[in-house]
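Dear colleague,

I am passing on the structure below, followed by notes on what was found in it. Please read the notes with the coordinates open beside you.

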Amino acid sequence: MTAAGTEAAVIAGPVDGATPRPRARRLPRPAQLGLVPFGAYVVLFLVVPTVLAVATGFFDKAGRFTLDNLSALADPVVLDTFWNSTWLSLMTAAVGALAGALVCYALLGVPAHHPTRSVIDALAGVLAQFGGVMLAFVFIAAMGRSSLLNVWLSGMGINLYAGGNWLYELPGLIPPYIYFQIPLMVITFGPALDSLKPQWAEANLTLGGNRWTFWTRIGLPVLAPSFAASYLLLFANSFSAYATAAVLASQGSQIVPLQIRAALTSETVLGRENLAGALALGMIAVMAVVMTGYALIQRRAERWRR
Amino acid sequence: MRRASFHPHPATRVVIGILVGSFVLLPLLATLEFTLRDGDAHSFVHWAAIFDPAKAATYKPIWVGLTNSVMLMLVTVAVVLLLLAPTMILVNLRFPRLRRSMEFVALLPISIPAIVLVVGLTPIYLVIGHTLGTGAWTLAFAYGITVLPFAYRSIQAAIDAVNLATLAEAARSLGASWPTVVWRVLAPNLRGGLLAASLIAVAVVLGEYTIASLLNRQNLQTALVLVNRQDAYVSVIFSLLALLLCFLLLLIIGRTGNLGAARGKER
């Protein structure tokens, strides 16, 4: 599947990789001054915070350069939280990607301005991007000890919480995370499925193919890069999510964002200062790898969307 | 579009719709049921309690948070409309070579988790606290960054749909000044994208928790978490209402976008 995708992409030829280089002009014109306010804003609230977040990991309380905080990234406790974050993201992204792709498939052929699509798009947008705290409340109300679900299940003799109050611990993050991964998949993967052309299906039919050969020889190979890119985006999404976990797991630091919270709110974690900076650096490193992969695969996937 | 052979069978659509739809909708319905509980029966008693004077003291943080959030929405929308949009117009008209860099910068916040941004924003907001005060509205500067990818996409889509350069040149050759060009010629042509960007900014600010809670400022979400410890019902009710409002905002964006597209086809 992947090999066929690569081959097809090679046949499609190289894309223009040249990036336009902004060249300095001799004299600043008034129009260039117009770029200053936004530039200053981005530097002050995006560039400086990012650099500060990463740089504080390299300095101790007295402002001296140190690699001591960085060595915290090799601490077993920190490694454990990074591993927790990673498997939680890998798993919820996988479930979300598959279920979301099914929804995209079910929507194939529904016109763009059909009300069903508008409603699903809006719902997906809310749940994927703006849920946060609210999703934690929804899952406490829907699955918690006093929920209808728990009452019904215990009526049938099934004790949802036999293994302890897991909803407020690491396993409790799985249902809400899947809950916001599925809609994100619908948003990111939908356009790729819509780019499948009816002509390809017709060509498949005239060449004697059927529905099975369409998907195995054309559909899936064409969609594979988009699916992989969407999967990486979903991974990044749950890896960086904070609000839902902060409310559900109000104590403890089972995943990296919660460990950053602990490092920010109490002075020392693991007996180190400025651990938040080191953790932020670790997170940025993971995100950079994942998002670079996303950009590269996405560029390949776009070749089919002309 | 004609039904292509790879389109799913209607029965397949229904099965997938029921399976995934129930996973998405049942928790929301269960949450609604939770807010309607009244002992062993159901009633609107918890919804009515929102305006109960006896509970006003408990619920006060929510109203404070909501007021702060509304103010944050206004300032964030101002950042989008008065800072981002004019810069994007300028880049597209006069510095097309910078378009790629602009896109890179605007989409960068997707790759930087809010929790990481907070680590770096903490020292900056210490300085802001000394100069501009510790008012909640100052958070809007940070929210402008989190909104950036969404707002950029909406506005850029609108810019790509019209011929900005021709419009500007036509207006200029008729003697319009640059402010007139932007305000009376370009902005009306981009209003769909500007509206979408503003509504998305509203939705982002309404649901934001990470930055506000860790910088110790009060907005709607931090208030909901605070009040939840005393009264779970009211924070769940406000969560449902906020989700509903976000849903409606996005629905409006989607429908107006489709209307715009439909109008474009008629021409």
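Which residues of α3(B) meet which residues of α9(B)? On the α3(B) side they are S69(B), L72(B), M73(B), T76(B), V77(B), V80(B), L81(B) and A85(B), and on the α9(B) side L194(B), A197(B), S198(B), A201(B), V202(B), V205(B) and L206(B), where two residues are in contact if their C-beta atoms, placed from the backbone, lie within 7 Å. By class these residues divide into 12 nonpolar, three polar and no charged; here Ala, Val, Leu, Ile, Met, Phe, Trp, Tyr, Cys and Pro count as nonpolar, Asp, Glu, Lys and Arg as charged, and the others, Gly among them, as polar.

Before going further, please note that this is a predicted model, in which local features need pLDDT of at least 70 and side-chain atom pairs count only at pLDDT 80 or more, while totals for chains, interfaces and linings use all residues. Residues are numbered from 1 along each chain as its sequence is written, and chains are lettered from A and ligands numbered from 1 in the order in which they are written. Helices (H or I, at least four residues) and strands (E, at least two) are DSSP runs, numbered from the N terminus.

To return to the helix pair, α3 (residues 56-94) and α9 (residues 191-207) of chain B pack at an angle of about 145° with their axes 9 Å apart, the axes being lines fitted to C-alpha atoms, for helices over the stretch in contact, and the angles running from 0 to 180 degrees between N-to-C directions. The crossing of α3(B) past α9(B) is right-handed (a crossing is left-handed if the near helix is turned anticlockwise from the far one by less than a right angle, and right-handed if clockwise).

Chain B as a whole has 12 helices and two strands, and its C-alpha trace spans about 70 × 65 × 35 Å along the principal axes. Of its 267 residues, 40% count as buried, a residue being buried if 20 or more other C-beta atoms lie within 10 Å of its own, exposed if 12 or fewer, and partly exposed in between, with C-beta atoms placed from the backbone. In α11(B), eight of the nine residues are buried, among them L220(B), L224(B) and N228(B). N216(B), in the loop between α10 (210-214) and α11 (220-228) of chain B, has a phi near 60°, a positive value in a residue other than glycine; N216(B) counts as exposed because it has 12 C-beta neighbours inside 10 Å.

The contact between the chains takes 74 residues from chain A and 71 residues from chain B. Helix α3 (residues 36-55) of chain A gives the most to the side of chain A that touches chain B, with 12 residues, and that side has 57 nonpolar, 14 polar and three charged residues.

Helix α13 (residues 256-265) of chain A is mostly covered, with seven of its 10 residues buried, and what covers these buried residues includes α5 (76-106), α12 (243-248) and α14 (275-302) of chain A together with α5 (114-131) and α10 of chain B.

As to confidence, chain A averages a pLDDT of 83, and 88% of the residues score at least 70 (pLDDT is the predictor's confidence in each residue, from 0 to 100). Among the elements of chain A, α1 (residues 2-11) has the lowest mean pLDDT (38) and α5(A) the highest (93).

With kind regards
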